[in-house]
Amino acid sequence: MADPVAEVVSLLRPSPSISKLVTGGGQWLVERTELGSPFYCAVVEGRCLMTIAGREPMALTAGDFVLVPKIFSFTMSSMEPPPRGAFAQRLETSPGVFRLGDPEAPAEIKALVGHCGFGSDDKALLVSLLPEVIHVHGEERLMALVRMINDETRADRAAREMVLHRLLEVLFIDALRSAASAKMPPGLLRGMADPLLAPTLRRIHADPGRSMTVETLAREAAMSRSTFFDRFRKEVGVAPMEYATGWRMALAKELILEEVAIADIAERVGYGSTSAFSVAFNRHVGMPPGAFSRAMAAA
């Protein structure tokens, strides 16, 4: 059986951007208002506040790990933030090492933070399947992975970029595994935590080319059509065939970029003819497969 979580992370193609060690003392605040890139943070020592737009502030303490796959504005600050509009004290003491707040005050926080990018052209769909924010505590594997990413970023070793890409993939998968529970919001993780829906999700990922309808999926899950449809939409956040079509099109885009013949792609993602696939692709993506291939080549 396919592993949907691993496949989503693999298709996202997380790539390294920035990794740094941050310490802070006294009153300090950093604010990111630009809609930039996915963000992660591992608190090594001390504590701080993190406030993501539209959410209640989170108090982060040593051993906390936060991953924000979606792109939000947010602030990080001392437990008693300075007045808004106050001069932000930020000093790079050495490459990749930053000091926040009063440089003479004792350090009250030490954290490893990083940003990354997603290489997938279909990242909006794929990220929508993941939790908006992952916050876990006491997972030493995650802390170790962030340390390894920071160390690899600072070094100039052979195959550095490949190692960073692999470490980021493992970081994302381990964070998702650590966060997986029924308490998560609707999405792939919650669907995979449902013992009746997980086999269905695995089948969709394992064989996207097979014939699928709500009726056949419900029958395989040993549920009535209406019960299956409602449960899938509640736990995964989208209707079953909407999920299946989105996954098929995400795979189709990857295969087009790999220059696989359109007829072969149509068969592999479950369409009986090239024309049927082209119509569906155009409806989903906004352009025919050939135009999409040319646009990606130009980009």
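Which element supplies the largest share of the lining of the second largest pocket? In this predicted model, the answer is β2, which contributes three residues. The paragraphs below begin with this pocket, move to the largest one, and then turn to the salt bridges.

When the lining residues are sorted by class, nine are nonpolar, four are polar and two are charged.

The largest pocket has a volume of about 390 Å³. A total of 21 residues line this pocket, with K20, V30, F39, F74 and H115 lying nearest its centre. Several strands take part: β1 (14–25), β2 (29–32), β3 (39–52), β6 (74–77), β8 (97–101) and β9 (109–118) each provide at least two residues of the lining. Among these contributions, the largest share comes from β9, with four residues. The lining of the largest pocket comprises 13 nonpolar, three polar and five charged residues.

Attention may now pass to the charged side chains that pair with one another. The model contains 13 salt bridges. One of them joins D174 to R141, with the closest N and O atoms 3.0 Å apart. Because D174 belongs to helix α4 (residues 160–179) and R141 to helix α3 (residues 140–154), this pair ties together parts that are 33 residues apart in sequence. D174 has a relative accessibility of 4% and therefore counts as buried, since the buried class covers values under 20%.

D174 also forms a salt bridge with R177, and here the closest N and O atoms are 2.6 Å apart. The two residues are three positions apart in helix α4, so about one helical turn separates them. R177 is exposed, because its relative accessible area is 54% and the exposed class begins over 50%. Taken together, R141, D174 and R177 are linked in a network of salt bridges.

A further salt bridge is formed by E215 and R225, whose closest N and O atoms are 2.7 Å apart. This pair links distant parts of the chain, as E215 lies in helix α7 (residues 214–220) and R225 in helix α8 (residues 225–236), ten residues apart. E215 has a relative accessibility of 39% and so counts as partly exposed. R225, at 43% relative accessibility, likewise counts as partly exposed.

Definitions and conventions
Residues are numbered from 1 along each chain as its sequence is written. This is a predicted model: local features need pLDDT of at least 70, side-chain atom pairs count only at pLDDT 80 or more; totals for chains, interfaces and linings use all residues. Side-chain values use heavy atoms; hydrogens and water are left out. On a 1 Å grid over the protein atoms alone, a cavity is a set of points where a 1.4 Å probe fits but cannot get out, and a pocket is an open set with protein on both sides within 12 Å along at least five of seven lines; lining residues have an atom within 4 Å of a point. Grid points are joined across faces, edges and corners, and a volume is the space filled by probe spheres set on the points. Ala, Val, Leu, Ile, Met, Phe, Trp, Tyr, Cys and Pro count as nonpolar, Asp, Glu, Lys and Arg as charged, and the others, Gly among them, as polar. A salt bridge is a side-chain nitrogen of Lys or Arg within 4 Å of a carboxyl oxygen of Asp or Glu. Buried means under 20% relative accessible area, exposed over 50%, partly exposed in between (1.4 Å probe, protein chains only).
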